[in-house]
Amino acid sequence: METMTVERVIAAPVEEVFAWLTTTTNYTRSPLVVRCRLTRRGESAPYGVGAVRSHLWLIGWFRERITRYEPPYATEYVVERSLPPARHEIGRMTFAEVDGGTLVRWTTRAEIGVPLLGPLLTRRLARPIITRTFGAILDAAATALATASRPAA
């Protein structure tokens, strides 16, 4: 299993950053994400615990279930199914107020589901692609939230 983490400071309040990043339909603002949809609403909020979301990224298809939802500071998920197949232990986003905005830390722990070669393929292929995709989504959030907070001219 490989642990992959990407961090960004986004110049917006923690509540706005949390709302944007937990509404995964926003991810299509990244050039690496094709489609995202909520296939089942969560118990206490649309993207809360129990929610199921489906993602089609350039790197594959993923069905995820939300296992933790604590606005505006944390959310966790597990990938239930994916193509290509992968083992997935956890996905987690944490949000902390810092000078200049909100620090987002996005971590996942996964491995490509190929016997014998899975660890090597994960480290050499999946890790750089996943971290680049996470980074592109965080960059899209930063751009969208900066645009939303600019005063009208």
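Visitor: What else lines the largest pocket, going by elements?
Guide: Strand 3 (52-57), strand 4 (60-70), strand 5 (74-83), strand 6 (86-98) and strand 7 (101-112) each supply at least two residues of the lining, as does helix 2 (118-149).

Visitor: And what volume does the largest pocket have?
Guide: Its volume is about 380 Å³. The lining is made of 22 residues, and those closest to the centre of the pocket are Ile-59, Phe-62, Ala-86, Ala-126 and Ile-130.

Visitor: How do the lining residues of the largest pocket divide into nonpolar, polar and charged?
Guide: There are 15 nonpolar residues in the lining of the largest pocket, together with five polar and two charged ones.

Visitor: How many cavities of 30 Å³ or more does a search of the whole structure find?
Guide: The search finds one, and the largest cavity has a volume of about 40 Å³. Its lining consists of Leu-21, Thr-22, Tyr-27, Arg-53, Ile-66, Thr-75, Tyr-77 and Met-93, with helix 1 (14-22) and strand 5 as the elements that give two or more residues to it.

Visitor: What about the classes in the lining of the largest cavity?
Guide: Five of the residues lining the largest cavity are nonpolar, two are polar and one is charged.

Visitor: Changing topic, which residues of the largest nonpolar core touch the most other members?
Guide: Trp-20, Leu-21, Tyr-27, Trp-57 and Trp-106 do, in a core of 33 residues. At least two residues of this core come from each of strand 1 (2-10), helix 1, strand 2 (33-40), strand 4, strand 5, strand 6, strand 7 and helix 2, and the largest share, nine residues, is supplied by helix 2.

Visitor: What does Trp-57 touch?
Guide: If residues up to four places away in sequence are not counted, Trp-57 touches Tyr-27, Leu-32, Val-33, Val-34, Cys-36, Phe-62, Trp-106, Thr-133, Phe-134 and Ile-137.

Visitor: Is Cys-36 buried or exposed?
Guide: Cys-36 counts as buried, because its relative accessibility is 8% and the cut-off for buried is under 20%. As for distances, Cys-36 and Thr-23 are 13 residues apart in sequence and 9.4 Å apart in space, C-alpha to C-alpha.

Visitor: What about Leu-116, buried or exposed?
Guide: Leu-116 is exposed, with a relative accessible area of 86%. This residue lies in the loop between strand 7 and helix 2, and the phi of Leu-116 is near 65°, which is a positive value in a residue other than glycine.

Visitor: Which residues have cis peptide bonds between them, for instance around Pro-72?
Guide: A cis peptide bond joins Pro-71 and Pro-72, with omega at about -5°, and Pro-72 is located in the loop between strand 4 and strand 5. The peptide bond from Leu-83 to Pro-84 is also cis, with omega near 0°, and Pro-84 sits in the loop between strand 5 and strand 6.

Visitor: Now Leu-103, what is Leu-103 in contact with?
Guide: Leu-103, which is found in strand 7, is in contact with Glu-7, Arg-8, Val-9, Thr-94, Phe-95, Ala-96 and Val-98, leaving aside neighbours within four places in sequence. Leu-103 and Glu-7 are 96 residues apart in sequence, and their C-alpha atoms are 7.0 Å apart in space.

Visitor: How far apart in space are Thr-147 and Thr-94?
Guide: Thr-147 and Thr-94 are 23 Å apart, C-alpha to C-alpha, and 53 residues apart in sequence. Thr-147 lies in helix 2 and counts as partly exposed, at 45% relative accessibility.

Visitor: Last one: where is confidence lowest, and where is it highest?
Guide: Confidence is lowest in helix 2, at a mean pLDDT of 88, and highest in helix 1, at 97. The protein averages a pLDDT of 92, and 96% of the residues score at least 70. Where pLDDT is low, the predicted coordinates should not be read in detail.

Methods:
Residues numbered from 1 in each chain as written. Predicted model: local features only at pLDDT ≥ 70, side-chain atom pairs only at ≥ 80, totals over all residues. Heavy atoms only, no water. 1 Å grid on protein atoms, 1.4 Å probe; cavity = no way out; pocket = protein on both sides within 12 Å on 5 of 7 lines; lining within 4 Å. Points joined across faces, edges and corners; volume = space filled by probe spheres on them. Helix = DSSP H or I, 4+ residues; strand = E, 2+ residues; numbered from the N terminus. Nonpolar A, V, L, I, M, F, W, Y, C, P; charged D, E, K, R; others polar. Core = buried A, V, L, I, M, F, W, Y, C linked by side-chain atoms within 4.5 Å. Buried < 20%, exposed > 50% of the residue type's maximum accessible area, 1.4 Å probe, protein only. Contact = heavy atoms within 4.5 Å. pLDDT = per-residue confidence, 0-100.
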